[in-house]
Amino acid sequence: MIRTVPTKPFTDQKPGTSGLRKKVPEFQQEHYAENFIQSIFDALEGFQGKTLVIGGDGRFYNREVIQKAIAIAAGNGFGKVMVGQGGILSTPAASNIIRKYKTFGGIILSASHNPGGPHEDFGIKYNAGNGGPAPEKITDAIFAKSKEINSFKIADIGTIDIDTIGTVKAGDMTVEIFDSVKDYAELMESLFDFDALKKLFKSGFRLRFDAMHAVTGPYAKEIFEHRLGAPNGTCRNFKPLPDFGGHHPDPNLVHAKHLYDEMMGADAPDFGAASDGDGDRNLIIGRGIFVTPSDSVAMLAANAKLAPGYKDGLKGIARSMPTSGAADRVAEKLGIGIYETPTGWKFFGNLLDAGMATICGEESAGTGSNHVREKDGLWAVLLWLNILAVRGESCKEIVTEHWATYGRNYYSRHDYEEVESDRANALVDELRAKLGSLPGTSVRGLKITKADDFAYHDPVDGSVSEHQGIRILFEGGSRVVLRLSGTGTSGATLRVYIERYEPDTARHDLDTQAALADLIAAADDIAGIKSHTGRDKPSVIT
Ligand code: G16
């Protein structure tokens, strides 16, 4: 039986950079999740009788919302839902399933790298039929629907067993519970030289992969240890836990410091990597060297041809605006297009669909390609491993050689977390107001050549996205970018991205913060970061 349940709108269901993210208690309010899921369906057309993919990163409240999503999908007339076993699906695996089985779209339950647990974060995002995050057109429509919703439709189907693989009927709808890992592992096998990787591990190569008790554990275990023969113990923290073991599943130098320390230690493995809550981000650390995400996308693009899936070369590279220009130099050398998009993977979708870009990357630890329409943590690790296997060099050798060829883009991101929203907005407003007066002036001896508020004109559909981050460009190719995060759940997070290009090989081994010190000071002089935020230093430096 399908029931139409009266409800009242919540006014705060605006999807951010990557879906709706809130604290669990907010999601637990009566009808909160139901309203948002119904608003997603209200914003879509033509799904009657079609298939919807449902899965999540296993965080606290995942299983409950999966049941709700199944029942509301049945109430709204979907013909079938495909649910990852146990409610588990990494974001890239979900993207793959949507594409492989040509489903209408998918609902992914995740708050990505944010912590999980009864008082931590939860999230719901919708991915369209191309497998990618819903474009702004759809997320705006979802928000509009959420403000006028007065009922949701739900089928009385009881609790579905999501742990047993197989197909069951739920009212008129079919529910298929499938192996969350198999299709994804097959996709990786089609892109990378698994024989070369097996040989690499056989030769004694040591990988350390930290799944941070998040969703990639089962995927990594299957691929590295079972299919590629890496020794048992290669994968750490591989059991997904609802609270990620009390940790913050964000693979950066703060939350994966133990991995960094191990990789810098005397008995470091050859290669270290980690992934985040929903498996789309990656952290890459070679023995004795951390690879910044911006460098990683450039280096992967420069060497991609070594992997079977990319042997014919790349069509183009796309990077988010705050990501460093390292990839631009690779694109120039390869003679292919380079595209600068706003932050958010959804902006890569059109470029990938149109065949204009093959590899995409973001400074926020996201790298991926046209194999799915999401960034993909394990994909990045496997491409690195494939390159290491073919070149027979260490990660450090590959990185230093890359810098010698292209120059080095010193790069760092300073985050000021949980700043009062009013204070953060005041900083941005004041800075915007003075952008026109900055070019031609000098700060700390650095001459500003350009200052603007980044607007993106999508070359495929002509849409325009404004206010995507403030850029201040200096003579010599240095740059400071400021923007407010779209993924936080309390207060505002100010991100300051600092970059300096250094062509001189003799100056490639400087300490990053020292190399950027004058720009960091200039950013504060220009934007009044300390006075506005009331902080004397960032909460996280990566
Ligand atoms: C999400 C998007 C990414 C984007 C990031 C930015 O990441 O999927 O494409 O780079 O947000 O976050 P912020 O707005 O906080 O800078 P994820 O991994 O959280 O889905």
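Which of the 18 residues around the ligand come nearest? In this predicted model, they are Glu-362, Arg-483, Ser-485, Thr-487 and Arg-495.

## Ligand surroundings

The ligand is located in the largest cavity. The residues that form the shell around the ligand divide by class into one nonpolar, 10 polar and seven charged. Among the charged members of this shell is Glu-362, which also belongs to the group of residues that come nearest to the ligand.

In the side chain of Glu-362, an N or O atom is 2.5 Å from a ligand oxygen. For Lys-375, a polar atom of the side chain lies at 2.7 Å from an oxygen atom of the ligand. Trp-345 contributes through its backbone, where an N or O atom is 2.7 Å from a ligand oxygen. On its own, the ligand has 460 Å² of accessible area, and the protein covers 99% of that area.

## Salt bridges

The count of salt bridges comes to 40. One of them joins the side chains of Asp-163 and Arg-63, with an N to O distance of 2.6 Å. This pair connects distant parts of the chain, its two residues being 100 residues apart. Asp-163 is in the loop between strand S7 (151-155) and strand S8 (166-170), whereas Arg-63 belongs to helix H3 (residues 62-75).

Terms used:
Residues numbered from 1 in each chain as written. Predicted model: local features only at pLDDT ≥ 70, side-chain atom pairs only at ≥ 80, totals over all residues. Heavy atoms only, no water. Near = heavy atom within 4 Å. Polar contact = N/O pair within 3.5 Å; in protein donor to acceptor, adjacent residues only side chain to side chain. Areas by Shrake-Rupley, 256 points an atom, 1.4 Å probe, with all protein chains shown as cover. 1 Å grid on protein atoms, 1.4 Å probe; cavity = no way out; pocket = protein on both sides within 12 Å on 5 of 7 lines; lining within 4 Å. Sits in = over half its atoms within 2 Å of the grid points. Salt bridge = Lys/Arg side-chain N within 4 Å of Asp/Glu carboxyl O. Helix = DSSP H or I, 4+ residues; strand = E, 2+ residues; numbered from the N terminus.
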